Structure formats: structure tokens, C-alpha cells
Amino acid sequence: MNQKAALVLGSGGARGIAHIGVIHELVRNGFDIFSIAGSSMGALVGGVYACGKLDEYEVWMCSLSKMDVFNLVDFTLSTSGIIKADKVFKEIRKFIPDQQIEDLPIKFAAVATDLKHGNEIVINEGSLFDAIRASVSIPLIIMPVLKSDTLFVDGGVVNPVPVNRVFRQEGDILVAVNVNAQIPYQKPTVVNPDWHFLEKINSSKLREFQEKLSGLFPPSKKEKTGYFNLISETSSLMLSQILKLTLEMNPPDLLIEVSRNACGTFDFYKASELIKLGKQATIEALENLKKTQITNFKN
């Protein structure tokens, strides 16, 4: 009989693609994932898996070059975000049929943040696509979702690894995936030769928006850190601290960690590499779990 697993997938931008590899490796090792909770990218990958479209989504992600990713980014200069995300979500709709969460074969919950009222929102019913869209709106980067009297932004703001929001069953194992771990990462030595050319194109466009943002909020003479970088670094530090406290308060049975240095927030063109990284992190975590169980048994 397979081991029942309640799976929690954390936020982390492009690093969340590693969740695909984690899921494949867990299933390969006999885990029956009956319940999923996720924040941001964790909600997206978890939702795609819950509706049975993970393989198709993986093929699409792995087919994207850096130029493809760049072309999917619809920039806008707004006070609430610099990316509308309409293009990419038009593509993602192909992998997320219009269905209700309560009709899924797997229990599912997406965590979002209600910015207007300062509340954590757990979405476990209603439109699957709408739930995912609400969960992935990175503050000041991706445009938030306004619905009724609620302004939805990224679930990672309040609960980046929602171990306390996943549906549980007696005898299950709680598996949590943290793709923002402060652990070493060995960068691969093989580099795609076209990345350098595409990096120049990408950086030029991003620099244009960063300059406009910095013009609105210029650094002082003493502080050379611009608005965009300041927000990025501050958010990253905040996320790490929330993660640490959350996992201490709700320790999972199995914690799978991927280094926060594995890639940048928007390096979605590294999908194949990140999926392999997720598989390897799962293998290592399972090996450590077995060692711990053997040690405890001997004692």
C-alpha cells in the first residue's frame, strides 16, 4: 500500500518549477499525494497536478527559451505592478481547465493575501484558475487581482510554505517543499551559448523599467540602492524569516529543500535544470529520512 502524503508547495518564483521534479520523485517512490496546499508558484504547480495536467505543463515549460519567456512578459508601468501577466496566464489556461476546486480528485488549497484587510486567504473552493491567479501576484511586480472588496496578492507574503493549511488524514505523512532554503548551491558548468545574447535584450528592457521606478523613488546620495533592488532584497529577507518561523511552529515529517541561489525569480527558461534539481533534492531528503528512521529504530 502506498504511503498517503499531504503535500505543501512553497512560493519562490521560477524556483517553484522544482516542485515538478519533487512530485515526480515522490510518486516514483510510492507516495500517494491525496492533498495539496500551495502558495504562489506552489499553488500553480500543485493546481496543475491536481487537475491531471502536470506532464503537459512540464513539456511546455521545458520548451521555453529565454526569448520565449521574455515575450510572455507584458510590461506596464503601474503603481501596483510592472507586469500584467495576461500573456502568460492565457497560456496557463490551456493547462488548467475551467473547473471547481471541490470537483478535483485531489484536495487542494491555494493561499493568497488580502492586501486591503491584511488577511491570509485560503481558497479551497470555487474556480481553480482564479484561485491560482490570486495566489501568484508578487507585490509590486505582478498586477494584483481585485475581486469584490478583496485585493489579492501573493500568498507568500503571509504564508510562503502553508503547512498549516493542507488537508490531513490519519496515518498520512506531511511533506513540505521549501524552494527558498539558505543552503549552498553548485551552479552547473554547462551554459547555453545563446543566454548571453538574450540576457542583454532582457536586461535592457528591465533596466528601462527600473530606471523609471528609480526616477519615482530615487536613492539618496548616501544610499546607492535603488527602489527596485531595495524591494527585492527586503522581500527576500522577510520571506526567509517567515519561512523559518513557520517551519519551526509546524515541522513537517519530510522537508525537501532547494537553494534560494538556484536561480533568479524570473529564470523560467531554466525549467529542465530546476526540475532535475527538485528530483535530486527529494532523493536526498528521502535518504536522510530513512537514515533517521533507522537510527531511531536502533535506539
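**A tour of the salt bridges**

Select Lys4 and Asp32: they form a salt bridge, with the closest N and O atoms 3.0 Å apart. (A salt bridge is a side-chain nitrogen of Lys or Arg within 4 Å of a carboxyl oxygen of Asp or Glu.) The pair links distant parts of the chain: Lys4 sits in strand S1 (residues 3-9) and Asp32 in strand S2 (residues 31-39), 28 residues apart. Helices (H or I, at least four residues) and strands (E, at least two) are DSSP runs, numbered from the N terminus.

This is a predicted model: local features need pLDDT of at least 70, side-chain atom pairs count only at pLDDT 80 or more, and totals for chains, interfaces and linings use all residues. Residues are numbered from 1 along each chain as its sequence is written, and side-chain values use heavy atoms, leaving out hydrogens and water.

Colour by accessibility. Lys4 is partly exposed, at 33% relative accessible area. Asp32 is partly exposed too, at 30%. (Buried means under 20% relative accessible area, exposed over 50%, partly exposed in between, with a 1.4 Å probe and protein chains only.)

Next, select Lys94 and Glu91. Their salt bridge has its closest N and O atoms 3.1 Å apart. Lys94 is exposed, at 57%.

Move to Glu120 and Arg165, another salt bridge, at 3.0 Å between the closest N and O atoms. Glu120 lies in strand S6 (residues 119-123) and Arg165 in the loop between strands S8 (150-154) and S9 (173-181), so the pair ties together parts 45 residues apart in sequence.
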